[in-house]
Amino acid sequence: MLRYAKLYLCLIFLSCKAYAIPLKDSGDTINLFGLEGLSENNATGATFIEGDIAVPLKNGRTAYIRSPKWPNGVVPIDFDSSYSTAQKNIIIGAMTEIMTNTNNCIRFVWRTTNTPVWLRIHPGQGCWSYMGKTKSSGAQDLSLQIPGCVYHSVALHELIHALGFVHEQTRPDRNQYVRIQTQNIVSGMEHNFDVFSRTDADTLGLSYDYGSIMHYRSDAFSSNGRPTIVPTTSDGKNWESKMGRGEKMSNLDIQKLKKYYSCS
């Protein structure tokens with residue numbers, strides 16, 4: 001079943017810092033990143049789980065697809081022409097961090113005319129990605145809205161979704177590490193805090209990671225500014241104000257990527 005190693009929102013390590021390019025944006029939709037000026041996530045022929053993971057629809061119903069890897073860890077990419085050079089460099093910086101930390105076991109390469117499936121990075125509505133390689137032919141979309149999603153950390157988070165990972169706090173054992181404060185969640189957003197069963201999610205035998213780039217913020221989807229996720233372990237207490245706010249991958253994020261893609 002679905003094999004996703006949960007990563008957290010604590011973005012990946014790279015010396016290059018990423019800042020959004022100051023262009024005018026529209027919309028102000030609640031989102032898991034706590035960013036302003038974003039449109040509501042929207043993808044043709046798909047619905048969303050966990051806030052930013054696109055799931056294909058088939059005959060009007062969710063086509064729940066397991067998370068296949070990109071063959072040999074090679075991900076062909078293509079950029080929409082709307083991005084400036086500076087914006088492309090921010091996104092490429094996130095890719096470089098993944099490649100560097102996996103010793104190029106995972107590689108992002110430019111799409112060629114013979115590429116059957118590629119990752120099309122475009123400025124759609126919101127910040128989102130499909131999980132793993134979901135297409136058998138053509139472009140698979142990853143949306144990074146201009147300018148609100150064009151940050152190193154956000155690009156990193158969405159790229160790791162595209163590599164097959166969901167959010168850390170949805171792993172089967174999450175209730176041993178955090179408590180979900182449902183009374184503080186925006187009405188109608190409770191489904192974003194669902195937990196996966198052990199048959200659907202693989203923790204890869206690695207520890208829960210409060211510092212993951214794929215972890216929600218403590219106030220994700222909060223209706224009142226109060227925490228929606230509270231760490232319950234002694235170690236976790238130190239992470240409450242830092243969850244989902246990192247600037248690089250954690251060591252466990254890297255271990256999970258390398259283990260999932262059988263890197264040496």
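The side chain of R171 makes a polar contact with the side chain of E168, at 3.0 Å. A polar contact here is a pair of N or O atoms within 3.5 Å; within protein, one must be able to donate a hydrogen and the other to accept it, and residues adjacent in sequence count only if both atoms are side-chain atoms. You are looking at a predicted model, in which local features need pLDDT of at least 70 and side-chain atom pairs count only at pLDDT 80 or more, while totals for chains, interfaces and linings use all residues. Residues are numbered from 1 along each chain as its sequence is written, and side-chain values use heavy atoms, with hydrogens and water left out.

**Around R171**

- R171 sits in the loop between α2 and β10 (178–180); helices (H or I, at least four residues) and strands (E, at least two) are DSSP runs, numbered from the N terminus.
- With a relative accessible area of 2%, R171 is buried; buried means under 20% relative accessible area, exposed over 50%, and partly exposed in between (1.4 Å probe, protein chains only).
- A polar atom of the R171 side chain also lies 3.2 Å from the backbone oxygen of S207.

**The annotated glutamate**

- An unreviewed UniProt entry places the feature "active site" at E158; UniProt positions are given in the numbering used here, feature names are shortened, and annotations may be inferred rather than shown by experiment.
- E158 belongs to helix α2 and is buried, its relative accessible area being 0%.
- Leaving out residues up to four places away in sequence, E158 touches F33, D52, C127, W128, S129, L142 and L144, where contact means heavy atoms within 4.5 Å.

**Disulfides**

- The structure holds two disulfides, each defined as a pair of cysteine sulfur atoms within 2.5 Å.
- One of them joins C105 to C263, with an S to S distance of 2.1 Å.
- C105 lies in the loop between α1 (85–101) and β6 (107–110) and C263 in the segment after α3 (251–260), so this pair ties together parts that are 158 residues apart in sequence.
- The torsion about the S-S bond of C105 and C263 is about -85 degrees, so this disulfide is left-handed.
- C263 counts as buried at 15% relative accessibility.
- C127 and C149 form a disulfide too, with their sulfur atoms 1.9 Å apart.
- This pair links distant parts of the chain, with C127 in strand β8 (residues 127–130) and C149 in the loop between β9 (138–144) and α2 (152–162), 22 residues apart.
- For C127 and C149 the S-S torsion is about -85 degrees, so that disulfide is left-handed.
- C127 counts as buried at 3% relative accessibility, and C149 does so at 0%.
- With the bonded cysteines of the protein chain numbered in sequence order, the pairing is 1-4, 2-3.

**Nonpolar cores**

- The largest nonpolar core has 42 residues, and those with the most contacts inside it are I98, F108, L144 and L163; such a core is a set of buried Ala, Val, Leu, Ile, Met, Phe, Trp, Tyr and Cys residues joined through side-chain atoms within 4.5 Å.
- The elements giving two or more residues to this core are β5 (74–79), α1, β7 (117–122), β9, α2, β11 (213–214) and α3.
- Domain 1 (47–163) and domain 2 (168–256) both give residues to this core, so it lies between them; the domain bounds come from an automatic or database domain assignment.
- Setting aside neighbours within four places in sequence, L144 is in contact with residues including I91, I121, C149, V154 and E158.
- A second, separate core of 11 residues includes V178, I180, I185 and M243.
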